[in-house]
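Trainee: I would like to learn how to read a structure that is new to me. Where do we start?

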Amino acid sequence: QSREKMATLAVTQRRHGLRNPHSYFKAPLTREDYFRSRMVAHPFCLYDCDIPVQGAVAIVLTTAERARDLKPRPAYLAGYGQRLHFEVAGRIGSLSSYMEGGRSSSQLTWERSGFGPKDVDVAQIYDGFSASVLYGLESYGFCKEGEALDFIQDGRIELDGELPLNTFGG
């Protein structure tokens, strides 16, 4: 049953990714493709695992006054949070460390911004590994711990769903 639910995440994120012309993947992923793929570590198959790609992001921050006349229209930062609950940054010692890192950074974000998970219209959660998305949904407060697989079902993470998820193409 968990593999059936896991397929929803991989297939949906691939479909979203195909809308981005710069996406690494160029072909749809079917549920059949997902189930036929090689197992890596149960319940994770090849399509639940990261691939070796490189990318970069640059964020330019300035004052609201200076941003007012910029093109394209600026996005305003309501709050942010970053905390690592790991002994060594970038090395995750355990699932509990991973979850605590997500909980503490999201709590800081929600406190600083005045918003919460119910205020989010679309979520972009690190998706290199399917498990990261599931743990993110839980530790950021979109659903309770242990409920992410059920949370992503029934169209909830589709583009027209309650919480469109990873709409950018990975």
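Mentor: With a definition: a polar contact is a pair of N or O atoms within 3.5 Å, where, within protein, one must be able to donate a hydrogen and the other to accept it. Keep in mind that this model is predicted. Here the side chain of Ser106 comes to 3.1 Å from the backbone oxygen of Arg103.

Trainee: Which other backbone oxygen lies 2.8 Å from a polar atom of the Ser106 side chain?

Mentor: That of Gly102.

Trainee: In which helix does Ser106 lie?

Mentor: In helix H4, which covers residues 95-113.

Trainee: Is Ser106 buried or exposed?

Mentor: Buried means under 20% relative accessible area. Ser106 has 8%, so it counts as buried. Leaving aside residues up to four places away in sequence, Ser106 touches Ser139 and Tyr140.

Trainee: How much of the protein chain is buried?

Mentor: Buried residues are 35% of its 170 residues. The chain exposes about 11500 Å², and 53% of that comes from carbon and sulfur atoms.

Trainee: How many helices and strands does the protein chain have?

Mentor: It has 6 helices and 2 strands, in the order α-α-β-β-α-α-α-α from the N terminus. The radius of gyration is 17 Å, close to the 15 Å from the globule rule for 170 residues, so the chain is as compact as a globular protein of that length.

Trainee: What about charges?

Mentor: There are 20 positive and 21 negative side chains, and the centres of the two sets are 5 Å apart.

Methods: Residues numbered from 1 in each chain as written. Predicted model: local features only at pLDDT ≥ 70, side-chain atom pairs only at ≥ 80, totals over all residues. Heavy atoms only, no water. Helix = DSSP H or I, 4+ residues; strand = E, 2+ residues; numbered from the N terminus. Rg over C-alpha atoms; globule rule 2.2 N^0.38 Å. Buried < 20%, exposed > 50% of the residue type's maximum accessible area, 1.4 Å probe, protein only. Areas by Shrake-Rupley, 256 points an atom, 1.4 Å probe, with all protein chains shown as cover. Lys, Arg positive; Asp, Glu negative; His and termini not counted. Charge placed at Lys NZ, Arg CZ, Asp CG, Glu CD. Contact = heavy atoms within 4.5 Å.
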